[in-house]
Amino acid sequence: MVFIDLKKAFDTIDHKILLRKLACYGVDQKSLGWFDSYLSDRQQKCLVNGELSGTRPVTCGVPQGSLIGPLLFLIYINDLRNCLSKASPRMYADDTSISIAATSLPELEHSINDELVNLHKWLTVNKLSLNIAKTELMFIGSRQRLSNTADHSINIHIEGQQINRVCHTKSLGIHIDQHLSWTKHVNEIARVVSSGIGALKRLRPFICEDSAILLYRALIEPYFDYCCPVWDGLSNELTDKLQKLQNRAIRIITKSGFYSSPTALRSKLGWDTLYTRRKKHKAKLMFKTINKQAPEYLQDLFKPFSTEYNLRDKANKLVLPKPRTDFLKRSFCYSGAQLWNSLPHNARAAGSFSHFKRLINCLMSPSCSHTANM
């Protein structure tokens with residue numbers, strides 16, 4: 001994977017190119033005139049140490065902080081994928097990465113370099129600049145296969161400049177390593193959460209329990225939940241590492257001693273373990289995916305199960321991929337289908353998201369025996 005970093009992407013959008021692209025997407029002349037008026041005749045000033053500069057015209061870029069600015073940027077870069085023949089792009093605003101697979105290292109090196117040439121040409125034509133110093137390259141694979149790359153010199157470059165190869169990187173708030181083990185991501189969660197718990201501990205003598213819970217919900221819990229359906233496939237060691245942090249926070253909130261039972265304290269607060277929370281989030285995302293309330297790229301990961309045989313409880317189930325590697329077992333396409341198939345029929349056939357959430361909260365409560373099978 002190559003993680004692309006663009007220089008001041010929102011500020012370098014060419015207005016004329018943007019208007020031509022809008023026309024290609026079917027925007028009529030009257031609407032194009034509105035967009036032209038919206039983008040043109042803007043001015044900017046700078047305030048430095050109390051001194052205000054004179055005005056300068058804004059000749060390119062889309063207004064940041066506006067509702068329509070990000071949409072216009074997405075339209076501007078939407079055709080980037082057309083310049084690639086072998087690689088698969090993943091674009092989220094100005095965070096773009098391309099991935100490519102090959103059967104050998106020489107083939108991989110050749111393919112990546114060819115695609116980067118095409119990418120650089122597209123960026124140049126569209127008047128966007130690539131920050132090569134911050135662009136990163138990462139090979140993803142098993143430890144055995146990656147060890148084979150250590151003895152080979154792989155030259156991946158753009159315009160003669162070598163791209164920095166990394167073992168892990170941060171993409172859209174998720175720390176990804178070359179083994180997809182999520183160790184780096186969990187360690188980063190633990191580091192940030194530990195700091196939040198420390199702040200909560202210092203504040204706890206001065207606030208009530210309800211306020212402490214609000215602080216936990218605002219400063220700590222989001223790190224446990226963010227994109228958890230993606231990185232849910234954790235080892236027992238990493239699962240325990242996160243759970244110990246929640247246990248510590250619960251003891252601080254309830255002013256309980258170190259030897260207090262975290263299970264009893266969670267029951268008192270009505271909280272789930274982090275493992276159960278992640279399963280609930282994944283189940284909810286699966287419901288939205290199956291019922292076409294999620295993006296198409298998620299829907300394409302799953303296929304409905306069908307058979308000529310009259311099997312019991314086959315309705316609304318999914319085809320479960322046959323994992324040959326741990327990578328697939330940890331992936332959302334496998335674990336999501338497995339979790340969905342494990343739900344009882346009435347949950348899979350729920351008519352609304354609100355109804356499904358109520359069923360899931362009941363099914364995955366600590367007192368429900370069905371939880372053990374998930």
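Q: Buried means under 20% relative accessible area, exposed over 50% and partly exposed in between (1.4 Å probe, protein chains only). What makes α3 mostly covered?
A: Seven of the 10 residues of α3 are buried. They are I68, G69, L72, F73, I75, Y76 and I77. This is a predicted model, in which local features need pLDDT of at least 70 and side-chain atom pairs count only at pLDDT 80 or more, while totals for chains, interfaces and linings use all residues. Side-chain values use heavy atoms, with hydrogens and water left out, and residues are numbered from 1 along each chain as its sequence is written.

Q: Against which elements do the buried residues of α3 pack?
A: They pack against α1, α2, β6 (88–92) and α4. Contact here means heavy atoms within 4.5 Å. The elements themselves are DSSP runs numbered from the N terminus: helices are H or I of at least four residues, strands E of at least two. By that rule the protein has 17 helices and 13 strands.

Q: What makes a set of residues a nonpolar core, and which residues of the largest one touch the most other members?
A: A nonpolar core is a set of buried Ala, Val, Leu, Ile, Met, Phe, Trp, Tyr and Cys residues joined through side-chain atoms within 4.5 Å. The largest has 43 residues, and V2, L18, L22, L72 and L116 touch the most other members. Two or more residues each come from β1 (2–4), α1 (15–24), α2 (29–39), α3 (68–77) and α4 (105–125). The largest share, seven residues, is that of α4. A second, separate core of 31 residues includes W182, V186, I197 and L245.

Q: Why is Q246 called buried?
A: Q246 is buried because its relative accessible area is 1%. Its place is in helix α10 (residues 236–254). Apart from neighbours within four places in sequence, Q246 is in contact with Y216, F224, R266, W271, D272, T273 and L274.

Q: How do you know that a polar contact joins the side chains of Q246 and Q243?
A: A polar contact is a pair of N or O atoms within 3.5 Å; within protein, one must be able to donate a hydrogen and the other to accept it, and residues adjacent in sequence count only if both atoms are side-chain atoms. The side chains of Q246 and Q243 are joined by such a contact of 2.6 Å.

Q: Why is D300 called exposed?
A: The relative accessible area of D300 is 62%, so D300 counts as exposed. D300 is found in the loop between α13 (296–299) and α14 (326–330).

Q: Why does E159 count as exposed?
A: E159 counts as exposed because its relative accessibility is 60%. It lies in the loop between β9 (157–158) and β10 (161–162). Although E159 is not a glycine, it has a positive phi of about 50°.

Q: Why does L172 count as partly exposed?
A: L172 counts as partly exposed because its relative accessibility is 38%. L172 is placed in the loop between β12 (168–171) and β13 (174–177). L172 also has a positive phi, about 55°, although it is not a glycine.

Q: How much of the protein counts as buried?
A: Of its 374 residues, 40% count as buried. Along its principal axes, the C-alpha trace spans about 65 × 65 × 55 Å.
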